Amino acid sequence: MKNAENNDTVAAIATGLTTAAVSIIRVSGSLSHGIAGALFSAADKTPVKDFEPYRLYPGLLKGDAVSDRCMCVIFKAPKSFTGEDGLEFHCHGGVRLTECILREVLSRGARLAGPGEFTRRAFMNGKLDMSSAEGMIDLINAQSEAEIRAGFSLMTGKLKDSLTGIQDRLTAVLAEIDAAADYPDEYDGENIAGRTDAALRDALKELNALERTYQNGALIKNGINCAIVGLPNTGKSSLMNALLNYERAIVTPQAGTTRDTVTESFTENGVRINLIDTAGIRRAKNNAENLGIERSKTAAAAADVVLYVQDYDSDTIPAEFAEILDGKRLIFAVNKIDSPGFDKKKYAALNKSAAVKHKIYISAKQGYYIGELKKMIIEFCLGKDYAAGGLTLNNIRHLDAVKQAARHLSEAVSAGKTTPLEMRYVDIKAAWDALGLITGVTAGEDILDALFSAFCVGK
């Protein structure tokens, strides 16, 4: 085995290590093409050194301990994902076979890649910015269509482009302040102050607008946490099953059946909704039920929206709910409207007028108005005109950086034209640096380590 201690070439299995049709071994670094030449022979006899980049060549991989009929593709710097020379072997997907081929690659000078090392190399070589890398992992981990669209938006640089535009304008302001300080006779101080003030106000307006997108962005990324609460036997578990469209929670006529929180998710209009079915809140009859009630209160307190379920013949909220419902987004779901005397036209009219008050009449048992309830949950939390995939913040690190930048710009604007530009320079530069934490131009190693460690080894 060649010494790979200080080698820049890394390799990893890029696909899941399981029995499958195809497995991919990915390699990046200066030895990549030499490794391909040592292990692979194309079926059409084309030497690896003459391979056309980005084209798959079928052929034979033959190592010291393993052989396989597979395909090979090479990538040439700088037009590759990492910006380096690279290669991929697309082999048969046996677990042991894949491991043996990786071992052959490592024996020829590559070292095993660390988590996210390929993506980190892409970042270090200027192939993508830091926010795009974060979008990539959001895309990989997405559990709903809305999360996919949001991750793709971030990965393809919408946030980076917006912030770079702001940074470019701040750079122009800083450059003019520097020039005016060096050549005061050639600049009109009042005109510079006016242009600076206008540019800072425009940038601050954009940052404030971006900051306001965080609430929706976070809900799209993490899903809407919806706690189902109410008195015992109001149909909370039946409602959970109706929303999920399958029987997830146990339903019995006996009060107190649900003693622990039951969680499950479904997707509606591309948005993930995380349901938490809770124990009915009443005076507990034993310690187990009391523990379930306390967990219900905790779930309701942490939820993005609370779905309060009550019987159709009850229109009051018991005092024990007042504390946990105070200040929460609250939807009243009046259940069991399929009871004797049900009038569909009556309840259709009631729902039309009650919707603006976030109240809806339903039957969990019969499925009446469950679709309307799903729509109400989404619109209540995200608004009627939300657009998943648009420019939004959904990352607390991004939000903090935008807030920092906005605070510094606000201080620079507040200083006014009477304050020397040289004194406002510090806050303007601090705002530029804060935005660089998102794009990566001012991010430290600790931030980079935390980000790329979240990726799998082959990414």
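Helix axes are lines fitted to C-alpha atoms over the stretch in contact, and the angles between them run from 0 to 180 degrees between N-to-C directions. The model shown in these views is predicted.

**View 1. Packing of helix α14 against helix α15.** Helix α14, which covers residues 396-414, packs with helix α15, residues 421-439, at an angle of about 165°, and their axes lie 8 Å apart. Because angles over 145 degrees count as roughly antiparallel, α14 and α15 are described as roughly antiparallel to each other. The crossing of the two helices, α14 and α15, is left-handed.

**View 2. Residues that make the contact between α14 and α15.** On the α14 side the contact is formed by R397, H398, A401, V402, Q404, A405, H408, L409, E411, A412 and V413, while α15 contributes R424, D427, I428, A430, A431, A434, L435, L437 and I438. Sorted by class, the contact of α14 with α15 comprises 13 nonpolar, three polar and four charged residues.

View 3. When neighbours within four places in sequence are left aside, L399 is in contact with E211, Y214 and L393. The C-alpha atom of L399 is separated by 9.5 Å from that of R212, although these two residues are 187 residues apart along the chain.

**View 4. Cysteines C91 and C100.** The closest cysteine sulfur to that of C91 belongs to C70 and is 6.3 Å away, which is too far for a bond, since a disulfide requires sulfur atoms within 2.5 Å. By this rule the count of disulfides is zero. C91 is buried, with a relative accessible area of 3%, and C100 is also buried, with a relative accessible area of 16%.

Key:
Residues numbered from 1 in each chain as written. Predicted model: local features only at pLDDT ≥ 70, side-chain atom pairs only at ≥ 80, totals over all residues. Heavy atoms only, no water. Helix = DSSP H or I, 4+ residues; strand = E, 2+ residues; numbered from the N terminus. Parallel < 35°, antiparallel > 145°, perpendicular 65-115°, else oblique. Left-handed = near helix turned anticlockwise from the far one by under 90°. Contact = heavy atoms within 4.5 Å. Nonpolar A, V, L, I, M, F, W, Y, C, P; charged D, E, K, R; others polar. Buried < 20%, exposed > 50% of the residue type's maximum accessible area, 1.4 Å probe, protein only.
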